[in-house]
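Subject: Structure handover

Hello,

Here is the structure I said I would pass on. Please look through it first, then read the notes below it.

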Amino acid sequence: MQLNSPLAIDLFAFFQSGKFDYVQLGQTKAWLHDNFPDPDDFGGGKTHAKAKIWRYGNLEFHFEDGDTLTRIYSDYIADLEGGPNIVLNKWLLAEPERLHLHHIIAAFLALKWDFAIQQIDALPAILLRLPQSRMTLWFYGDDDGKTAHMDDKLQAFSMGKD
């Protein structure tokens, strides 16, 4: 679908409730094609109808189980953008240099948001999970490559299937 003007997406609402305009996990490519802007690019297939990933700037819509949306993802935190069809209100992500784990935890505590912290030693990474939105924030450092720390910076976020 072509729009006359770009669609505005508020990342505060996305992180808080999972609201990404009218997009919801489980919607089909056909529904998105009829109700949401066309992707800028795609990957994992020869056409966007067959693709496993639709890209809007450097935001990705993943269709890992065929035709239904299973995840919204990005690992381009420092230069996050939505392409020509999506304008992002980046909220907390507008200052990528401040996106250390301790800073984001403090922001979520001030907002009184529920969250869970999970350390994954094998990566090493710390995941910050927001149950109300099904959002996961990925933190891992590049200092010693062996342990995760509170000073690690946000490297990716995803809503949906991890």
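Phenylalanine 42 has its place in strand E2. Helices (H or I, at least four residues) and strands (E, at least two) are DSSP runs, numbered from the N terminus. This is a predicted model, in which local features need pLDDT of at least 70 and side-chain atom pairs count only at pLDDT 80 or more, while totals for chains, interfaces and linings use all residues. Residues are numbered from 1 along each chain as its sequence is written, and side-chain values use heavy atoms, with hydrogens and water left out.

Phenylalanine 42 is partly exposed, at a relative accessible area of 29%; buried means under 20%, exposed over 50%, and partly exposed in between (1.4 Å probe, protein chains only). Leaving aside residues up to four places away in sequence, phenylalanine 42 touches Thr47, His48, Ala51, Ile53, Trp54 and Arg55, where contact means heavy atoms within 4.5 Å. Threonine 136 is 94 residues from phenylalanine 42 along the chain, and their C-alpha atoms are separated by 23 Å.

Next, the strands. E2 (residues 41-43) pairs with E3 (residues 53-56) in the antiparallel sense over three bridges; two strands pair if DSSP finds at least two bridges between them. In this pairing, phenylalanine 42 stands opposite tryptophan 54 of E3. E3 is also joined to strand E4 (residues 59-62) by four bridges, and these two run antiparallel. Here arginine 55 stands opposite glutamate 60 in E4. E3 and E4 form a hairpin with two residues between them, and glycine 57 in the turn has a positive phi of about 65 degrees.

Asparagine 58 lies in the loop between E3 and E4. Is asparagine 58 buried or exposed? Asparagine 58 is buried, with a relative accessible area of 10%. Its contacts, not counting residues up to four places away in sequence, are Tyr73, Ser74, Tyr76, Asp79, Leu80 and Glu81. The side chain of asparagine 58 reaches the backbone nitrogen of glutamate 81 at 3.0 Å.

Last, helix H3 (residues 101-110). Its buried residues are Leu101, His103, Ile104, Ile105, Ala107 and Phe108. In an α-helix there are 3.6 residues a turn, so residues three or four places apart point the same way. What covers the buried residues of H3 includes helix H1 (11-17) and strands E7 (116-120), E8 (125-130), E9 (135-139) and E10 (154-160). After H3 comes lysine 112, with a positive phi near 60 degrees.

Regards

Methods:
Polar contact = N/O pair within 3.5 Å; in protein donor to acceptor, adjacent residues only side chain to side chain.
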